[in-house]
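The structure comes first, and the description follows.

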Amino acid sequence: YYMYHEGLYVPEAFDVVDFSGGLYAVACDVDGESNEDAMGAISQFIKEKNCFVVDNTRKQLGNVISSPRVQKAMGYSQMDYYVPIKTVGAIS
């Protein structure tokens, strides 16, 4: 994703979306493989903190964070998984 500004060239294959922001729980894993461990870690974080819940009004996001050079050196890509969360009750 890129921040949109007036005059930015946007290829026809891409959409401009309004990003509402907010809190996200994030975990990193190997791109192209099962994300079960990463999503499990996020779920565990939410349970342990006991002050967050998944915010189902917003979409989950993902982003490959490895540059092509890093991908070549490591032999795989890293992917960040973003799960929208919101607070519940008081945060101490």
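Is Cys-28 buried, partly exposed or exposed? Cys-28 is partly exposed, at a relative accessible area of 38%; buried stands for under 20% relative accessible area, exposed for over 50%, and partly exposed for what lies in between (1.4 Å probe, protein chains only).

The model is predicted, so local features need pLDDT of at least 70 and side-chain atom pairs count only at pLDDT 80 or more, while totals for chains, interfaces and linings use all residues. Residues are numbered from 1 along each chain as its sequence is written, and side-chain values use heavy atoms, with hydrogens and water left out.

**Cysteines and partly exposed residues**

Cys-51 is buried, with a relative accessible area of 10%. Zero disulfides are found in a search of the whole structure, a disulfide being a pair of cysteine sulfur atoms within 2.5 Å.

| Residue | Relative accessible area | Class |
|---|---|---|
| Leu-8 | 32% | partly exposed |
| Cys-28 | 38% | partly exposed |
| Asp-31 | 33% | partly exposed |
| Cys-51 | 10% | buried |

**Aspartates**

Asp-80 belongs to strand S4 (residues 78–87); strands (E, at least two residues) and helices (H or I, at least four) are DSSP runs numbered from the N terminus. Asp-80 is buried but has no salt bridge, and Arg-58, the nearest side chain of opposite charge, is 15 Å away. For charge, Lys and Arg count as positive and Asp and Glu as negative, with His and the chain ends not counted. Beyond four places in sequence, the contacts of Asp-80 (heavy atoms within 4.5 Å) include Cys-28, Leu-61 and Ile-65.

Arg-58 instead forms a salt bridge with Asp-55, with 2.9 Å between the closest N and O atoms.

Asp-31 lies in the loop between S1 and helix H1 (36–49). Leaving out residues up to four places away in sequence, Asp-31 touches Val-64, Ser-77, Gln-78 and Met-79. Its C-alpha atom is 9.9 Å from that of Tyr-81, 50 residues away along the chain.

**Surface patch**

Leu-8 sits in the segment before strand S1 (23–30). Together with Tyr-4 and Val-16, Leu-8 makes a nonpolar surface patch of about 270 Å². Patches take residues with over 30% relative accessible area and no salt bridge, joining like charges within 9 Å and nonpolar side chains (Val, Leu, Ile, Met, Phe, Trp, Tyr) within 5 Å. Areas come from the Shrake-Rupley method with a 1.4 Å probe; for residues, only the protein chains shown count as cover.

Technical notes
Salt bridge = Lys/Arg side-chain N within 4 Å of Asp/Glu carboxyl O.
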